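Please look over the chain shown here.

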Amino acid sequence: AEGDGENYDIHAINTDGTKERRLTAHPAYDHDPDWSPDGTQIVFVKKDPRKPWLDLHVMPAEGGEARNLTFWLEHDEEPAWSPDGREIAFMRVSKLGRRVATYDVASGDVRELTDHTFEAFRPSWSPDGQHIVFSGATVEERDRGRDTWNVYTMRRDGTDMLRLTRH
């Protein structure tokens with residue numbers, strides 16, 4: 001993403017450094033792009049200057065009209081496309097905290113996988129797409145002043161959460 005402080009756009013470039021192209025061009029803060037597994041689409045976060053929140057959008061990989069995926073009145077950010085292309089994991093941020101959620105590409109359904117007792121960051125998928133890994137801490141740890149984040153994993157449906165590190 002490149003911009004002037006308020007208006008950031010998404011750009012793409014070939015791996016050899018040639019053929020840079022601007023994919024978004026509108027007065028918004030576009031960031032956190034992620035390619036779909038088949039390379040045909042890009043999911044990204046858009047901050048429309050007329051709205052106080054962040055939404056997930058998707059556009060063709062070569063640019064063009066972006067489509068809004070989420071309509072949450074707070075923030076949806078940090079998208080990560082699943083290896084099979086069926087879901088997008090992301091962070092849902094509100095006054096209650098940061099939660100891992102998924103967006104079902106076929107139905108448009110959003111499912112929150114962690115609750116308000118947990119603070120989570122940067123979801124990413126396992127190569128087989130069966131698990132989501134993320135950084136996080138319980139709200140209790142955070143409220144006690146322990147700003148120690150650990151790495152967690154869970155199944156793609158939110159079950160079997162497991163802490164992998166102990167800090």
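## A nonpolar surface patch

Which residues make a nonpolar surface patch of about 250 Å²? Val 151, Leu 162 and Leu 164 make this patch. Keep in mind that the model is predicted.

Leu 162 belongs to strand β16, which covers residues 162-163. Its relative accessibility is 48%, so Leu 162 counts as partly exposed. The cut-off for exposed is over 50%.

## The sheet from β13 to β16

Strand β16 is also part of an open sheet. The sheet has 4 strands, in the order β13-β14-β15-β16, and the pairing is antiparallel. Strands β13 and β16 are the edge strands, each pairing on one side only. Strands of a sheet pair through backbone hydrogen bonds, either parallel or antiparallel.

Between β13 and β14 there are 6 bridges, and these two strands run antiparallel. Phe 118 has Thr 138 of β14 opposite.

Asp 160 sits in the loop between β15 (150-155) and β16. Its phi is positive, about 55°, although Asp 160 is not a glycine. With 52% relative accessibility, Asp 160 counts as exposed, because exposed means over 50%.

## Aromatic pairs

How many aromatic pairs does the count come to? The count comes to 5 aromatic pairs. One of them joins Tyr 8 and Tyr 29 edge-to-face, at 4.9 Å centre to centre and with 65° between the planes. This pair links distant parts of the chain, 21 residues apart: Tyr 8 is in strand β2 (residues 8-9) and Tyr 29 in strand β5 (residues 29-35). Tyr 8 has a relative accessible area of 25%, so it is partly exposed. Tyr 29 is partly exposed too, with 32%.

A further pair is formed by Phe 118 and Phe 134. Their ring centres are 5.8 Å apart and their planes stand at 85°, so the pair is edge-to-face. The pair links distant parts of the chain, 16 residues apart: Phe 118 lies in strand β13 (residues 118-125) and Phe 134 in strand β14 (residues 131-138). Phe 134 counts as buried at 2% relative accessibility. Together with Tyr 152, Phe 118 and Phe 134 form one aromatic cluster.

Why is strand β6 described as largely enclosed by the rest of the structure? In this strand (residues 41-47), 5 of the 7 residues are buried, so β6 is largely enclosed.

Strand β6 pairs with β5 through 5 bridges, and the two run antiparallel. Trp 35 stands opposite Ile 42 of β6. The hairpin of β5 and β6 has 5 residues between the strands. In this hairpin, Gly 39 takes a positive phi near 75°. Strand β5 also holds Asp 32. Phi of Asp 32 is positive as well, near 55°, in a residue other than glycine.

Strand β6 also pairs with β7 (residues 55-60), in the antiparallel sense and over 6 bridges. There, Gln 41 has Pro 60 in β7 as its bridge partner.

## Two loop residues

Where is Trp 72 placed? Trp 72 is in the loop between β8 (67-68) and β9 (75-81). With a relative accessible area of 27%, Trp 72 is partly exposed. Neighbours within four places in sequence aside, Trp 72 contacts Trp 53, Asp 55, Arg 92, Val 93, Ser 94, Arg 99 and Glu 112. Pro 27 is 45 residues from Trp 72 along the chain, and their C-alpha atoms are separated by 20 Å.

Thr 15 occupies the loop between β3 (11-12) and β4 (21-22). Its relative accessibility is 89%, so Thr 15 counts as exposed.

Conventions:
Residues numbered from 1 in each chain as written. Predicted model: local features only at pLDDT ≥ 70, side-chain atom pairs only at ≥ 80, totals over all residues. Heavy atoms only, no water. Patch = residues over 30% accessible without salt bridge, like charges linked within 9 Å, V, L, I, M, F, W, Y side chains within 5 Å. Areas by Shrake-Rupley, 256 points an atom, 1.4 Å probe, with all protein chains shown as cover. Salt bridge = Lys/Arg side-chain N within 4 Å of Asp/Glu carboxyl O. Buried < 20%, exposed > 50% of the residue type's maximum accessible area, 1.4 Å probe, protein only. Phe/Tyr/Trp six-rings, centres within 6.5 Å; stacked < 30°, edge-to-face > 60°. Pairing = 2+ DSSP bridges. Contact = heavy atoms within 4.5 Å.
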